[in-house]
Amino acid sequence: MASWNSVPLHVSYDVLGWFAFASWSISFYPQVILNFRRKSVVGLNFDFVLLNLTKHSSYLIYNATLFFSSVVQKQYRDKYGQKEMIPVAANDVAFSIHAVLLTAISLFQIKIYDRGSQKVSKIAYGILLVTWTTAAVCFFVALHNHHWLWLISVFSGIQVCMTIIKYIPQAVMNFMRKSTQGWSIVNILLDFSGSVANYAQMSMQSIDQHSWVNFYGNIGKLLLSLVSVFFDILFMCQHYLLYPVKKRKLEASPEPDNAKSLDRPLSENV
C-alpha cells in the first residue's frame, strides 16, 4: 500500500484538492442564480447543459467506483504497480456528486423559466444516444470478463469527450449573438481556478511519489483540466475582448438583434 513520504506535500495535496473542489463547485451557482434572478434561461445553451449532465454523471461513476471499490483498486495496482496511490481523492467524489445535482437544477430551470424558442438540438440527442448505447455495451462486456477498471476507464473517456463537445454549442451561440449576456463569466473564472488547482494537486502527488503514473494513470482528470482551461480562456476572450458587456442592468438591457438565431437549436445555426 502506497503512503506519503512528505507531510508538507500531503497537506498541500489536500489543500489544493479542496480548493479545486470549492472553485469548481461554487462555479455552478452564478449561472443558477442568474437564471433565477432573470426568470429566464435565454443566453444559456441547452445542449451545453444536457451534455454537461452526461459528462458529470460519467465522471461520478469513474470517481466513486475507483475511490470506494477495493476490487477496482486492486485491478488498478495490478496494472500500474502495487506501490502506486489511487489517483482519486475524496474531493473528486464530492465534486462529482455536487456537479450532477447542480446540473440537474439547471435543467429544471430550463423547464420552468422563459427559454424563448430554443430547444435541445437533434445533434445533442444523437450524441447522447450514441454515448449511452456505447456505455451499455461496454457494461455487458465488462460484466462477462470482470474488467471493471477498463469499464470505468470507458466512462472516464466519455467524460473527456463530453468536456470537449459540451462547450462548443455555448461558444458558437456567443459567436452568433455577438454577446455573452445570459452566460455567467463568474462560472468561467471559478472553473479556471479549479482547473489550475487540480493540476497543482496532481503535481504534489507525483513529486512525493517520484512517479508520473498519477497523470497517465488518471488521464481523464488530466484532460478534463486541460480542455477546461482552453475553453475557459476562449470564453474569457469572448466576454472581455470580443463582446464586452456594457455596465447596465441585465434585466433592462435589450437582446442583440441577431439573438433570435440563438433560440434555434445549434444544428440550425451551424
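I call a residue buried under 20% relative accessible area, exposed over 50% and partly exposed in between, with a 1.4 Å probe and protein chains only. By that rule W4 is buried, and Y13 is buried too.

This is a predicted model, in which local features need pLDDT of at least 70 and side-chain atom pairs count only at pLDDT 80 or more, while totals for chains, interfaces and linings use all residues. I number residues from 1 along each chain as its sequence is written, and side-chain values use heavy atoms, with hydrogens and water left out.

Aromatic rings next. I pair rings of Phe, Tyr and Trp (its six-membered ring) if their centres lie within 6.5 Å; planes under 30 degrees apart are stacked, over 60 edge-to-face, the rest tilted. I searched the whole structure and got 14 aromatic pairs. W4 and Y13 have ring centres 5.0 Å apart and planes at 55 degrees, so I log the pair as tilted. F139 and F140 pair edge-to-face, at 5.4 Å centre to centre and 75 degrees between the planes. F139 is partly exposed because its relative accessibility is 36%. F140 reaches 57%, so I log F140 as exposed. One aromatic cluster holds F48, Y167, W183, F230, F231 and F235.

Then charges over rings. I require NZ of Lys or CZ of Arg within 6 Å of the ring centre and within 35 degrees of the ring normal. K39 puts its charged end over the F36 ring, 3.9 Å from the centre.
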